[in-house]
Amino acid sequence: MERTTSHEGAPVDGTSAGGPAGERTAGTRPPFDPTAFTAADEEKRRGVRRMKTIATGALLLAALVFALATWAERSGAGAWAGYVAAAAEAGMVGALADWFAVTALFKRPMGLPIPHTAIIPTKKDQLGRSLGDFVGDNFLSEEVVRRRLRSVGIGSRLGAWLARPESADRVTAELSTALRGALTVLRDGDVQAVVGEAITRRAHAREVAPGLGRMLERIVSDGGHRRVVDLVCVRAHDWLVWHSDSVMEAVAGGAPGWTPRFVDRKVGERVYKELLRFVGEMRDMPDHPAREALDRFLRDFAADLQSDDETRARVERLKSEILARDEVQDLIASAWSAVRAMVVAAAEDERSELRLRVRSSVLSLGARLSADGGLQGKVDGWIEGAAAHVVTTYRHEITSLITETIESWDAEHTSRKIEAHIGRDLQFIRINGTVVGALAGLAIHTAAQVLGG
């Protein structure tokens, strides 16, 4: 029984789209069937049936005219009857020949096993492979793709489009949406683990002492550390001024128990005054010997960081100990959360510096693409190369999609589907065959009469 569908595309032949009745559960969407008849297909099939009726009617009309003209000719109606009979006879031959040709595309005429008939049902897979090869050779070849893309001029068109403010706003908005979506999809725990592991692995893999030594050497040679020394001296002097009693008590508390108390106080005052004088001189004298000693120490330490194996090993051990601390790992992991929150907030704010800079970059890129022919050529070359790589690398996969899809279709159902789409035009061939055959028969009969006379 022929399988038909309702106007909604649901099958009405007693089975569901998913199998026998009762298999599908309520609310389950049937699988997509490219050969299923839709309401539009049913309308086309009705049009095909109407045209078949007209074409068959033309054949029957030619047969009726032939019968009447033959009878009239034998009854002595005149020479005209022979002309009409010849035209009708040739019209019948043309109609029958075209009926056979059209019918042979979709099924065996009158069910007879005539060779090279029912072409679409029997040759469906071969036609699918031929169609796939045709698409691959004529549409997915590197030369065709490159020539087509080159004629389009994507670089100049893209530049003109990006140079428009509304286009730049749209691109910025789409990039912001994509960025927010990507950051939302990512799991913080996974990213934090990856970031922490990457930072830790890179820190362990690279020795830091030589780099620190070179940096410290440049800082000392440029005098960049002097401001730090100035700050330390100022803060140390201020602290001594504010905590004089604490300093003197600390000195006195460290004296032996057998010394008199007033001696301890005198010693504490003396030590405090000397310490305050020393720090004050360091603060006020850029060329103080202690500062020079500090400079020599820093230079020597910078050299040891670069060349002394023991110093470098101690720095590496200290680095490993610092990285292993939970506080440091938590700090590394929390860096992702801070960066993520900052980027999301900037992406959501239309007036953020991030979006304004992206918009400005898009406009600048559009202006350059519009004016710079060399840049346009580069963009066109990149796009052509990418497209050519896709079609040359994945052409078989693309064409196999056509072949495998057609192979998966039911042969008879596919034949009816194709007939519904092109059958109406094919019926015009039958009508034209009737008309052209009649004209040809009339011309041949006329020529025979003239030559015979």
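Helix H7 crosses helix H16 in a right-handed sense. This is a predicted model, and I will start with that crossing.

H7 covers residues 165–185, and H16 covers residues 353–371. Their axes come within 9 Å and cross at roughly 130 degrees. The two helices are therefore oblique to each other.

Which residues of H7 and H16 make the contact? On H7 they are Pro165, Ala168, Asp169, Val171, Thr172, Ala173, Leu175, Ser176, Leu179 and Arg180. On H16 they are Leu354, Arg355, Val358, Arg359, Val362 and Leu363. Sorted by class, the contact of H7 with H16 has 10 nonpolar, 4 charged and 2 polar residues.

Now to the aromatic rings. A pair of rings is described by the distance of the centres and the angle of the planes. The count here is 2 aromatic pairs.

One of them joins Phe134 and Phe139. The ring centres of Phe134 and Phe139 are 5.9 Å apart, and because the planes stand at 70 degrees, the pair is edge-to-face. Phe134 has a relative accessible area of 44%, so Phe134 is partly exposed.

Then there is the pair of Phe297 and Phe301, with ring centres 6.1 Å apart. The planes of Phe297 and Phe301 are at 0 degrees, so this pair is stacked. Both residues sit in helix H13, residues 289–307. Phe297 and Phe301 are separated by about one helical turn, because they are 4 residues apart in that helix.

Phe301 counts as partly exposed, at 33%.

Methods
Residues are numbered from 1 along each chain as its sequence is written. This is a predicted model: local features need pLDDT of at least 70, side-chain atom pairs count only at pLDDT 80 or more; totals for chains, interfaces and linings use all residues. Side-chain values use heavy atoms; hydrogens and water are left out. Axes are lines fitted to C-alpha atoms, for helices over the stretch in contact, and angles run from 0 to 180 degrees between N-to-C directions. Angles under 35 degrees count as roughly parallel, over 145 as roughly antiparallel, 65 to 115 as roughly perpendicular and the rest as oblique. A crossing is left-handed if the near helix is turned anticlockwise from the far one by less than a right angle, and right-handed if clockwise. Contact means heavy atoms within 4.5 Å. Ala, Val, Leu, Ile, Met, Phe, Trp, Tyr, Cys and Pro count as nonpolar, Asp, Glu, Lys and Arg as charged, and the others, Gly among them, as polar. Rings of Phe, Tyr and Trp (its six-membered ring) pair if their centres lie within 6.5 Å; planes under 30 degrees apart count as stacked, over 60 as edge-to-face and the rest as tilted. Buried means under 20% relative accessible area, exposed over 50%, partly exposed in between (1.4 Å probe, protein chains only).
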